[in-house]
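Student: I would like to learn how to read a few features of a structure, with someone to guide me through them.

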Amino acid sequence: MKDFPVFTTQYGAASLIMKEIPYQKTAYVIIRDSLEPEKLIAECADFCLVCGAEKIYATGHEALERRPFHTAMWQMNCRAGLLADTDAALWPVQADTLEYWREIYNQKVIRVPNGAWMTRADADAMLQKGDGYFIHRGQTLLGIGRVSGDLIDWVAAVQPGAGADVVLALAHGASEETLKLTVASANERAVRLYERLGFLKTRELSRWYRISG
């Protein structure tokens with residue numbers, strides 16, 4: 001299922017994120033321009049439903065504030081020098097471990113608000129970029145994640161209570177002093193973890209509302 005960067009009707013223009021429909025039955029709508037937003041929202045929702053979406057979330061227009069709130073996406077920042085140390089270590093993803101990493105990711109992402117499924121093509125792109133890691137303590141796998149430059153792009157623990165070590169290991173693998181990550185406000189457990197480690201909310205990136213499902 002492909003995305004529609006520009007979806008136009010007589011009521012305005014939007015972007016439709018459809019690639020999650022085959023995996024999570026979910027679609028996302030970004031309102032770009034409209035003088036009749038309610039009608040545009042309805043048309044976008046109808047199109048997504050026809051394409052197989054069961055849950056649809058939208059952002060980009062104040063008219064959405066009348067709909068049930070889903071989540072806000074926040075950027076959080078922290079100075080690397082303020083973070084605690086950890087004995088957990090990063091093990092780069094290799095070609096022979098790529099599918100295992102993707103399997104863990106997709107098992108975890110289902111429970112993450114606004115989480116994006118990883119296809120094989122996405123995984124191959126990650127391997128080429130070289131920013132995917134397993135996090136181990138000795139021979140014990142603690143979790144997985146991605147980090148590049150100043151961005152921690154994904155965090156998932158596979159052992160109870162290992163989230164802090166996963167984040168700290170990824171942070172110490174970054175190449176910049178000020179680190180950033182993105183988290184959904186609805187993912188309250190992750191927000192509490194990041195705040196406990198020293199990350200602060202610095203910018204609200206978007207607010208999403210449920211328009212169907």
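Predicted model: local features only at pLDDT ≥ 70, side-chain atom pairs only at ≥ 80, totals over all residues.

Student: At what angle do helix α3 and helix α4 pack, and how far apart are their axes?

Tutor: Reading a helix pair begins with the angle between the two directions and the spacing of the axes. Here helix α3, which covers residues 98-109, and helix α4, which covers residues 120-129, pack at an angle of about 120 degrees, and their axes are 10 Å apart. That angle makes α3 oblique to α4, since angles from 65 to 115 degrees would count as roughly perpendicular and those over 145 as roughly antiparallel. The crossing in which α3 passes α4 is right-handed.

Student: Which residues of α3 and α4 meet?

Tutor: On the α3 side they are Leu98, Glu99, Trp101 and Arg102, and on the α4 side Arg120, Ala123, Asp124, Met126 and Leu127. Sorted by class, this contact of α3 with α4 holds five nonpolar and four charged residues, and no polar ones.

Student: Which residues are linked in a network of salt bridges?

Tutor: A salt bridge is read from the distance between a side-chain nitrogen of Lys or Arg and a carboxyl oxygen of Asp or Glu, which has to be within 4 Å. The network links Glu99, Arg102, Arg120 and Asp124, and these four residues are also named among those that meet between α3 and α4. Glu99 and Arg102 are three residues apart in helix α3, so about one helical turn separates them.

Student: Is Arg102 buried or exposed?

Tutor: Arg102 counts as buried, because its relative accessibility is 16% and the cut-off for buried is under 20%. If we leave out residues up to four places away in sequence, Arg102 touches Met118, Thr119, Arg120 and Ala123.

Student: How many salt bridges does a search of the whole structure find?

Tutor: The search finds 13 salt bridges. One of them joins the side chains of Arg67 and Glu38, with 3.0 Å from N to O. Arg67 lies in the loop between β4 and β5, whereas Glu38 belongs to helix α2, so the pair ties together parts that are 29 residues apart in sequence. Arg67 is partly exposed at 24% relative accessibility, and Glu38 is partly exposed as well, with a relative accessible area of 30%.

Student: To which residue does Arg137 form a salt bridge?

Tutor: Arg137 forms a salt bridge with Asp165, and their closest N and O atoms are 2.9 Å apart. Because Arg137 sits in strand β7 and Asp165 in helix α5, this pair ties together parts that are 28 residues apart in sequence. Arg137 is partly exposed at 32% relative accessibility, while Asp165 is buried, with a relative accessible area of 18%.

Student: What is phi of Lys25, and what is phi of Asn114?

Tutor: Phi of Lys25 is near 55 degrees, a positive value in a residue other than glycine, and Lys25 is found in the loop between α1 and β3. With a relative accessibility of 37%, Lys25 counts as partly exposed. Asn114, which is likewise not glycine, has a positive phi near 65 degrees, and Asn114 lies in the loop between α3 and α4.

Technical notes
Residues numbered from 1 in each chain as written. Heavy atoms only, no water. Axes fitted to C-alpha atoms, helices over the stretch in contact; angles between N-to-C directions. Parallel < 35°, antiparallel > 145°, perpendicular 65-115°, else oblique. Left-handed = near helix turned anticlockwise from the far one by under 90°. Contact = heavy atoms within 4.5 Å. Nonpolar A, V, L, I, M, F, W, Y, C, P; charged D, E, K, R; others polar. Buried < 20%, exposed > 50% of the residue type's maximum accessible area, 1.4 Å probe, protein only.
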